[in-house]
Amino acid sequence: MTKLIVDGKEIEVPAEYTLLQACEAAGAEIPRFCFHERLSIAGNCRMCLVELKGAPKPVASCAWGVRDCRPGPNGKPPEVITRSPMVKKAREGVMEFLLINHPLDCPICDQGGECDLQDQSMAYGTDSSRFSENKRAVEDKYIGVLVKTSMNRCIQCTRCVRFITEVAGVPELGAIGRGEDMEITTYLEGAMTSELQSNVVDLCPVGALTSRPYAFVARPWELGKTESIDVMDAVGSAIRVDTRGREVMRILPRVNDAVNEEWISDKTRHIVDGLRVQRLDVPYVREGGRLREASWQEAFAAIAAKVKAAKPERLGAIVGDLAACEEIFALKDLMARLGTKSIDCRQDGSAAHPKNGRASYIVNPTIAGIEQADALIIVGANPRMEASLVNARIRKRWRSGNFPIGLIGERVDLTYPYQHLGAGPESVAQAASGEFGEALKKAERPMVLLGAGATARPDGAAVAAAAAKLAQDIGAVKDGWNGFAMLQNAASRVGALDLGAVPGEGGLTAGDMATAGALDALFLLGADEIAVEPGAFVVYIGTHGDRGAHRADVILPGAAYTEKSGIFVNTEGRVQMAARAAFPPGDAREDWAILRALSDVLGHKLPYDSMTALRHAMFDAAPHLARVDQIEAGAPGDIAKLASAGGTPDKAPFAAAVADFYLTNPIARASAIMAECSALARGTPMATAAE
Amino acid sequence: MNPRITIENIPPGPGRGRGRGKPKPKGRQVDLRALEEVRVLLGGRPRRRDLLIEHLHLIQDHYGHLSAAHLAALAAEMRLALVEVYEVATFYAHFDVVKEGEVPPPAVTVRVCDSLSCAMAGAEKLLTDLQEKLGADVRVVRAPCMGACHQAPVCAVGHVQIAHANAEKVSQGVAGDRHAHAATPGRDLAAYRLEGGYALLRDCLDGKRTREEIIGIVDVAGLRGLGGAGFPTGRKWNLVRKEPAPRLMAVNGDEGEPGTFKDRHYLGLDPHRFIEGMLLAAWVVEAPAVYFYLRDEYPELRLMLTDEIAKVVAAGLAPHTQIHMRRGAGAYICGEESAMIESIEGKRGLPRHRPPYVAQVGLFGRPTLEQNVETLFWVRDIVEKGADWFTSHGRRERKGLRSFSVSGRVKDPGVKLAPAGISARELIEEYCGGMQDGHTFKAYLPGGASGGILPASMADEPLDFGTLEKYGCFVGSHAVVILSDKDDIKAVALNLMRFFEDESCGQCTPCRVGTEKAAKLMASGPWDEKLLDDLASVMRTASICGLGQAAPNPLTCVFKYFPEELKKPLGTW
């Protein structure tokens, strides 16, 4: 710790702090454009100047270390002044410079109202411009379908370049030319390919990079803001849902250092239009092979007729990927009351199972804990596509050095280098012995990341056992460190496993239930990733006219994740609460309420009339779900249990669990923006533009 | 003829700034023929990141430009991101990036120096004449100082410079050989050794002299960094030696300060005296590698020095270090020590923040001794002849010798080795044969473009480090440009500001915006003193490096010392 005087106040800060951090610690506000906590230091905007006693000129506080300060006279600590006339003048000068070439098009700028330049100009600038010459004109660049450019507004802070290069790991943005001709662009104006690219919109301190889909849609001050949780993958990124009236207008990241830091993937951000279209807003009943609109009573009656006629063991339910814990709990409860043991949350056929304990199906080291790991082996996962922010965290860890990474599975671009150790299960068995195995064994905190590409296959249980054994062999499970991580792709999955939404004794798995003739009636709780063969009477509770709805005999319109309060458990086992930002459209209702009403008609009334009552019942069954924002750690012994299952995997190489990043769920598939991104990623032109 | 990449055979990329583009398949689109061509050009050279600029030179030299296809191929071959290659290629003035759909430049480029000394000698007229005379097959462009100010005006046809250029001479040059050939050294290796050269180095390498002894002599002699900053050399060596090994050394031969041509002079005159100095310094700081960065404007020296260094290595005189030649690519900013290091690493020349200083964290992250060419040139003489010899020179309590690059309105311009502390008036009278006929001494630049402008009435000030600072000026690289009553001071200041505008790297706001704005305001209408002064003060206080901090010096000097000039309209030459 080093002593420092900031504006007359003596403070103690770590020596590795920059002056900017030290000033903030002392409560002094420092304006900045180029500096960003999570990016490298550029020091180019010169807005953060402060006066350092003894230095002839103001210094850029973001680029000046506390340890670089010379002590004052008589052994006094170095003194920093952030409010002197010298600082005020310097800031005014820099502010004026930034505005010399910045267009005054705030009325038509989408950044208006949330613009750093606007705000800081108010706080630190002067009230008028002294320059009347023409401003610099820069051609706008095409850098993809998600980010719109207005390059006249660019102040060359290079935050976007640093983000894309450092965090996203896909260096496609650069500053070309020099001097006043310096421009930000992609190489020859190609579209960016990073799945995290839209974060540059948040980072841009001015309106040079704005959201293309959100262009001219709304002003920040007319939006209601709801803090919530994302469900596009199992990471559970912290988001803010901005609504106007009952419509979701945009989704932004929130800071959660434990999960997504302050980034979100493009899918998380841009499925907004998917929430509006293809929506199921009234119940439907299939008659004569065609679906027709119906009333809730008609729909319930049709279901009741089928269910009451069926034997209990001929009933079943599949939980989809976007379901919240509450409705999963209600569904499981209902199925139990109906007398069936066939319920499954693993549409993809994953081998994840609660019988081995919680540690066997969560990311035990936690997402933030990846930064403590010192070696990593990835088995059958593509974290970039399955959990983009876990991948960003791995990259962050890799950038800090000494982090050997091995991969068994498809050779894919993960934005960091890795050693390819093989394609399938055989390599898992050998991994501990090879050269890379030695590196793993030498590591103090090695990590095994097991993905759905390895577990969601018929021999998944055997592969998972082999991976667990590998974790044991390399010493990944020990006192104070559990390096075994099963990466889940579905937001609902860990919660559903926690609640035991898997087949009981004699019950059928999702795959079995979907087989022709297996059941008489099947409930799909937003399950759209599984093809249900003909035979069963299918009740689909969900939000979008997707695969499940097309197969359904009765459709009950539910609420999307932005339209209900619900608990989700992310892939590291963290319990998080999503909040309602808007209302479901038309006659659609919250899923738990639908199940509650249906249970009454079926003669097995669920004993809770309110969400509060439901949660009480659920917390009785799974107390850890009440502890929001916490992780109920799994027992290290679970890994041994998983490993002991043994079994012989077959030889087929691991295949990708996510075929198309942009189209993994019904909301995304309804989104025109996602369709465009997907087409761009596949390299096939789209007939229509979604601009 | 070498096969050129034709523009037609490259598919157009998505989006030309009009919004939606045609999507293309993912991944790097590398033209196989271009890749093959790049591979042939690179041959067995390593594909290391730091050699990017060298490799770009190979392509530029061979094809006359850098096509999009070649850049993509080079990126693939060097395993770099396309945009990184693109960033670097567009930063340097000597690279011509030709995007898809653009027409490559003509085969011949004539660069006309428009920096101050050449502008005073009629560069503007020459530019117009050449554009008319040479026609469309020849590209005539402006270029910054080429380090031949005593022979102004100067042009470069291809890589060959033409002194005292006129349209006639340049036309002949265009028709003739446009490739540079190695210069003949003023004194070759044999001659240099005959007069005792490399004996000192031998003694050092053989352990007959100690490092402390050498540092001591250099310290006592008061040798200072002659690139412009004037940092005491002995102290620098001690500082670098205190840092943990491995330490590196970088030699700054990017002599770009307008009006400066002393390094060029000494390198041509007596290259081995410099090479010996370089090897001595490398021995002192125990640097296993020396990177010698030479500006691209001196190709004949680069070729010659490459040969001579090879001879020195072959003679077994450099067992302790490895010398790497690095070629600049047309960027004044790379003369700034940290920008030069970035450039040696194959990046854009963006100055770094200090601290940490180059001596602590320099080239490739290692402690680095960075020295100017001329500083090293004097090491042998100082050690052999003794500190007393060096300090015996000097006037007005200053000690040592200084090499002044004098240009402008004097009869006999050139590099003048004079005692430290000499005044401008003495320099003109004693060393340069007085003013040119018909010219009256009016003002002078004590230190190139960035050192400010002083009036003739202040021509008796000693020209040395730490003296002129109180006037808002400095002596820097000792580039003295003499102005006369025929030169408009406002035009001079504008010329200099335009130079800084062109050469600003664009990294930090004050310099990027300030130089451009100042040039614009200075070129139009009467000068608004308050406004320009405010501009200058932001640039001076808030810029990252010396370029931006010093750029307003000439401007503020006009306000301070030439108030009567402000009333006159802007002049020309």
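This is a predicted model: local features need pLDDT of at least 70, side-chain atom pairs count only at pLDDT 80 or more; totals for chains, interfaces and linings use all residues.
**The interface**

Chain B meets chain A through 60 residues of its own and 57 residues of chain A. The size of an interface is often given as the accessible area lost when the parts come together. Here chain B and chain A bury about 4800 Å² between them. Carbon and sulfur atoms account for 58% of that area.

Polar links cross the interface too. There are 22 residue pairs in polar contact between chain B and chain A, both residues at pLDDT 80 or more. On the chain B side, five helices each supply at least two residues: helix 3 (68–78), helix 4 (82–91), helix 20 (489–503), helix 21 (509–523) and helix 22 (529–542). Helix 22 of chain B gives the most, with 10 residues. By type, the residues of chain B that touch chain A divide into 26 nonpolar, 16 polar and 18 charged.

The count of salt bridges between chain B and chain A is 4. One of them joins Glu503(B) to Arg178(A). Their closest N and O atoms are 3.0 Å apart.

**Strand 3 of chain B**

Strand 3 of chain B covers residues 108–113. Of its 6 residues, 6 are buried, so the strand is largely enclosed by the rest of the structure. Its residues point two ways. Val108(B), Val110(B) and Val112(B) point one way. Thr109(B), Arg111(B) and Cys113(B) point the other way.

**Val30 of chain B**

Val30(B) lies in the segment before helix 1 (32–42) of chain B. Its relative accessibility is 24%, so Val30(B) counts as partly exposed. Leaving aside residues up to four places away in sequence, Val30(B) touches Leu35(B), Ala72(B), Ala73(B) and Ala76(B). Val30(B) and Gly135(B) are 105 residues apart in sequence. In space, the two are 35 Å apart, C-alpha to C-alpha.

Definitions and conventions:
Residues are numbered from 1 along each chain as its sequence is written. Chains are lettered from A and ligands numbered from 1 in the order in which they are written. Side-chain values use heavy atoms; hydrogens and water are left out. Contact means heavy atoms within 4.5 Å. Buried area is the accessible area (1.4 Å probe) that two parts lose on being put together, summed over both. A salt bridge is a side-chain nitrogen of Lys or Arg within 4 Å of a carboxyl oxygen of Asp or Glu. A polar contact is a pair of N or O atoms within 3.5 Å; within protein, one must be able to donate a hydrogen and the other to accept it, and residues adjacent in sequence count only if both atoms are side-chain atoms. Helices (H or I, at least four residues) and strands (E, at least two) are DSSP runs, numbered from the N terminus. Ala, Val, Leu, Ile, Met, Phe, Trp, Tyr, Cys and Pro count as nonpolar, Asp, Glu, Lys and Arg as charged, and the others, Gly among them, as polar. Buried means under 20% relative accessible area, exposed over 50%, partly exposed in between (1.4 Å probe, protein chains only).
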